Amino acid sequence: MRLFVSTPNSTSSDAYQGGLFSEQRAASYAEIVTGPEVARAVVDRLGLKQSPASLQSRTDASVVPNTVILKVTITDPVQARARVLVQAVAQEFIALVQKLERSPNRAGSPINASLLGAPVTSSTPVSPVPPRNVGLGAVLGLLLGVGLAALREAFDTKVRDPDELMEFTNAPLLGTVHFDNAVAKKGLITSFNPRDPLVEVFRVLRTNLQFVRVDQPSKMFVVTSAVAGDGKTTTACNLAISLARAGYRVALVEGDLRRPGVATGLGLERAAGLTTVLIGRLDVAQVMQKWGEDGLSVLTSGALPPHPAELLQSRAMSDVLADLRKSFDVVLIDAPPLLPVTDAALLAAQSDGAILVVRHGATSREQVRMSLERLTSVHARLVGTVLNRSPKRQVTSYAYSYEYAPVRGRHRPPATRSANSERTAGKSADPEEVSARKPANGGRAARKRANAEREARELAPSDRFDSSLVTDTVVPADAPEAVGPGRRDLATERPGEGRRG
Ligand SMILES: Nc1ncnc2c1ncn2[C@@H]1O[C@H](COP(=O)(O)OP(=O)(O)OP(=O)(O)O)[C@@H](O)[C@H]1O
Ligand SMILES: [Mg+2]
């Protein structure tokens with residue numbers, strides 16, 4: 001809608017003066033036409049439901065340059081309504097101008113404002129403007145994405161990075177187990193091809209366990225995690241199987257007397273087990289079950305007690321553990337999570353340390369910190385961590401990367417050098433090698449040798465190489481000698497050497 005601003009003078013000089021006057025006035029009128037008084041008058045006059053401020057915000061006015069024409073625009077989604085509104089605005093504006101400009105000495109107004117033709121509506125919407133909105137949306141989306149990523153980075157406290165985990169816990173990373181759907185279906189490494197990366201991962205874990213940074217004999221480990229479902233049972237069972245395959249005498253103990261999973265996982269009888277021994281009904285030997293060809297011994301839970309923590313702290317429990325220590329090379333205890341209940345900490349305190357399973361992208365740093373606190377509070381040690389359910393890419397790049405690995409014979413950490421010197425002395429720390437070298441000595445030695453030979457056959461030379469590389473990678477280079485003279489632990493105690501039974 002256009003408004004013409006003029007003065008009612010007749011002479012030419014008056015006309016010139018009047019023109020200037022009108023031009024100056026037109027500029028002020030642009031302010032008035034978009035002001036609250038006009039908007040309020042229009043709302044009252046048309047009986048609108050909307051507020052004067054809303055109408056005001058949609059009213060725009062500008063002076064056409066070098067003219068006394070005022071252009072008034074109203075934005076409204078309905079064309080007909082826009083027309084009515086702009087007309088009303090023009091009329092209310094003219095009425096207001098005439099009221100404002102009326103001179104007390106003269107009858108008329110020194111200035112007129114009149115409508116120029118009918119209001120024009122535009123069919124081109126001012127909003128939305130698709131190209132502009134798409135561009136704006138893309139930019140905003142990008143900014144939002146970058147912002148969210150930065151926020152996630154800042155607030156994401158989930159553990160994802162193996163290096164960060166090692167640094168945070170100040171403990172070696174024993175292994176990185178990738179997420180594999182087949183694990184949920186099959187569960188155990190025995191169901192996988194021996195060259196499957198998952199089987200290799202547990203070989204690596206087993207190897208690393210021999211070289212953990214320990215300052216006292218170690219053979220009894222609790223497998224735990226911060227919270228439920230992180231993969232403790234899966235890790236404990238597969239690590240036990242892998243150790244048994246290497247010829248170790250391994251006992252896998254169900255220490256989770258709340259949600260036992262070992263018996264189900266291995267397809268064993270659960271009715272008689274640890275609790276049966278603890279209440280004195282049977283001996284360990286009577287309830288210990290054999291699993292698989294490699295002679296893995298499993299102590300399932302037995303009947304579930306009402307107060308597991310009490311049983312786990314009992315004298316009977318420490319007697320059972322002492323018994324197991326005497327009879328096995330390695331004892332793995334599958335425990336409940338550390339944070340909800342005290343059981344795992346109690347078990348860790350009675351063993352040589354805990355292996356903490358950390359679930360990639362789920363366990364938070366705070367949960368790891370609290371787990372460590374739980375262990376420290378009972379003077380239990382963290383032996384190392386296992387990062388479970390990692391993306392396969394990460395496991396590959398971290399564990400099997402050739403660039404990352406030391407060159408054979410160079411940069412050997414002390415633990416490995418020591419193991420090498422023992423090999424030279426004919427006492428290899430590698431159970432496979434020991435078993436393979438030792439002469440057959442009755443049924444037990446023959447079984448171990450058979451196990452080792454089978455494993456050796458399963459492992460291609462490249463597999464072996466990988467495994468040693470990872471060992472070198474994850475055990476800190478400044479670790480004290482893990483294999484020392486006179487020590488009887490996983491690293492020095494080798495299958496077939498000085499065993500009872
Ligand atoms: N690396 C993996 N890839 C895929 N699935 C996995 C992996 N590790 C564990 N799982 C699956 O996650 C589930 C929980 O694993 P598991 O029972 O071992 O955890 P848990 O810590 O012992 O649980 P709970 O606290 O209940 O005892 C199981 O279904 C298991 O098959
Ligand atoms: Mg479990």
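Colleague: Hi! So strands here are DSSP runs of E, at least two residues long and numbered from the N terminus. Which strand does Lys 290 lie in?

Modeller: Lys 290 belongs to strand β8, residues 289-291. Bear in mind that this is a predicted model.

Colleague: Thanks. Is Lys 290 buried or exposed?

Modeller: Lys 290 is exposed, because there are 11 other C-beta atoms within 10 Å, and a residue counts as exposed at 12 or fewer.

Colleague: And what is Lys 290 in contact with, leaving aside neighbours within four places in sequence?

Modeller: With those neighbours set aside, Lys 290 contacts Gly 295 and Ser 297.

Colleague: How far is Lys 290 from Ala 251 in space?

Modeller: From C-alpha to C-alpha the distance is 9.4 Å, while in sequence Lys 290 and Ala 251 are 39 residues apart.

Colleague: OK, now the sheet. What is the strand order?

Modeller: This open sheet has eight strands in the order β5-β12-β11-β6-β10-β7-β9-β8, and the pairing is mixed. β5 (173-178) and β8 each have a single partner strand, so they stand at the edges and one side of each has no neighbour in the sheet. On average, neighbouring strands are turned by 25° against each other, direction ignored.

Colleague: Back to β8 then. In which sense does β8 pair with β9, parallel or antiparallel?

Modeller: Antiparallel, over three bridges. Trp 291 is the residue that stands opposite Leu 296 in β9.

Colleague: What about β7? Why would you call β7 largely enclosed?

Modeller: Strand β7 covers residues 250-254, and five of its five residues are buried, so the rest of the structure largely encloses it. Both faces are covered: on one side Val 250, Leu 252 and Glu 254 are buried, and on the other Ala 251 and Val 253 are too.

Colleague: How many bridges does β7 make with β10?

Modeller: There are five bridges between β7 and β10 (residues 330-334), in the parallel sense. β7 also runs parallel to β9 (residues 296-299), and three bridges join those two.

Colleague: Where does Leu 252 sit in those pairings?

Modeller: Its bridge partner in β10 is Leu 332. Towards β9, Leu 252 stands opposite Val 298.

Colleague: Switching to helices, which strands does α6 lie across?

Modeller: Helix α6, residues 162-169, lies across β5, β11 (354-359) and β12, and runs at about 155° to β12. Helix α8, residues 197-210, lies across β5 and β12, at about 170° to β5.

Colleague: Last one, the whole chain. How many helices and strands are there in the protein chain?

Modeller: The protein chain has 21 helices and twelve strands. It has 501 residues, and 41% of them are buried. Of the contacts with a separation of 6 or more, 77% are between residues 24 or more positions apart.

How values were computed. Residues numbered from 1 in each chain as written. Chains lettered and ligands numbered in written order. Predicted model: local features only at pLDDT ≥ 70, side-chain atom pairs only at ≥ 80, totals over all residues. Buried ≥ 20, exposed ≤ 12 C-beta atoms within 10 Å, placed from the backbone. Helix = DSSP H or I, 4+ residues; strand = E, 2+ residues; numbered from the N terminus. Pairing = 2+ DSSP bridges. Contact = placed C-beta atoms within 7 Å. Axes fitted to C-alpha atoms, helices over the stretch in contact; angles between N-to-C directions.
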